[in-house]
Amino acid sequence: MIQMHDVTKSFDGVPVLNGVNYTLSHGEFAFLRGRSGSGKSTFLKLLYRESEREHGTILIDGTAIDALQKFELRRKMGIIFQSYELISQHTVLENVLIAGKALGRPLEEIEAEAMRLLTRVGLADKVHQFPNKLSGGQQQRVAIVRALLNKPKLLLADEPTGNLDRETAQDIMTLLYELHREEQMAMLIVTHSEELLTSGARVSVMEGGHIDE
Ligand code: ADP
Ligand code: MG
């Protein structure tokens with residue numbers, strides 16, 4: 001799903017990623033840990049091309065990322081963030097449907113899929129609410145559903161529980177693990193919290209510009 005070889009990135013001459021190698025298999029569930037400022041978000045941004053690497057190669061699902069248009073690349077992945085990134089003027093359902101409309105999918109099809117997933121994450125009775133009426137954990141569930149609507153093969157998560165209390169954070173991690181199994185997708189979850197690591201899952205650590213297993 002991800003093959004990264006010898007990737008470097010620096011800001012203003014200061015190296016942040018210094019020859020990163022990383023592989024994630026299809027359908028794998030894995031964590032990436034590391035101190036604040038170690039380069040975890042930068043690493044993810046290179047994968048979804050919010051930022052460009054200096055050297056090295058990155059393949060997503062077997063294709064070099066430069067061989068794809070950005071929209072083609074992003075179609076293969078869902079992305080969630082610490083801050084949820086929901087649109088406050090839109091309802092829960094509208095926030096989710098945006099992802100399908102962007103790909104020009106028929107409304108009936110995406111509405112059915114959105115309702116299936118919103119029900120799965122326990123939000124069937126919230127679909128017409130606005131995000132600011134929901135708790136943080138509920139907002140992250142909406143963001144997860146939006147990320148999964150187009151059935152990506154890969155979900156990238158940048159500290160998805162960073163704004164949540166411990167119990168809610170654990171619930172979200174459990175939900176992500178279950179969805180990875182049910183929807184059969186690879187997930188790469190960045191977290192700085194050791195407590196939240198799902199037992200048995202692979203954990204890599206970003207340190208000194210490298211990733212170590
Ligand atoms: P993490 O997500 O692990 O906390 P980041 O990838 O956000 O780390 O940042 C790694 C380092 O790169 C930090 O020193 C940060 O200040 C720097 N950095 C990240 N993005 C930029 C940018 N756009 N411009 C300049 N420096 C940046
Ligand atoms: Mg970060």
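**One helix, two partners**

Reply: Helix 3 and helix 4 make a right-handed crossing (the near helix is turned clockwise from the far one by less than a right angle). This is a predicted model, where local features need pLDDT of at least 70, side-chain atom pairs count only at 80 or more, and totals for chains, interfaces and linings use all residues. Residues are numbered from 1 along each chain as written, with chains lettered from A and ligands numbered from 1 in written order.

Helix 3 covers residues 92-102, and helix 4 covers residues 107-120 (helices are DSSP runs of H or I, at least four residues). Their axes lie 10 Å apart, at an angle of about 125° (lines fitted to C-alpha atoms over the stretch in contact; angles run from 0 to 180 degrees between N-to-C directions). So helix 3 is oblique to helix 4 (under 35 degrees is roughly parallel, over 145 roughly antiparallel, 65 to 115 roughly perpendicular, the rest oblique). Helix 3 brings Val92, Leu93, Val96, Leu97 and Gly100 to the contact (C-beta atoms, placed from the backbone, within 7 Å). Helix 4 answers with Ile110, Glu111, Ala114 and Leu118. Seven of these residues are nonpolar, one is polar and one is charged (Ala, Val, Leu, Ile, Met, Phe, Trp, Tyr, Cys and Pro are nonpolar; Asp, Glu, Lys and Arg charged; others, Gly among them, polar).

Now the second partner. Helix 5 spans residues 136-148. The axes of helix 3 and helix 5 come within 7 Å and cross at roughly 25°. That makes helix 3 roughly parallel to helix 5. This crossing is right-handed. Val92, Asn95, Val96 and Ala99 of helix 3 touch Val142, Val145 and Arg146 of helix 5. By class, that contact has five nonpolar residues, one polar and one charged.

Methods. Helices (H or I, at least four residues) and strands (E, at least two) are DSSP runs, numbered from the N terminus. Two residues are in contact if their C-beta atoms, placed from the backbone, lie within 7 Å.
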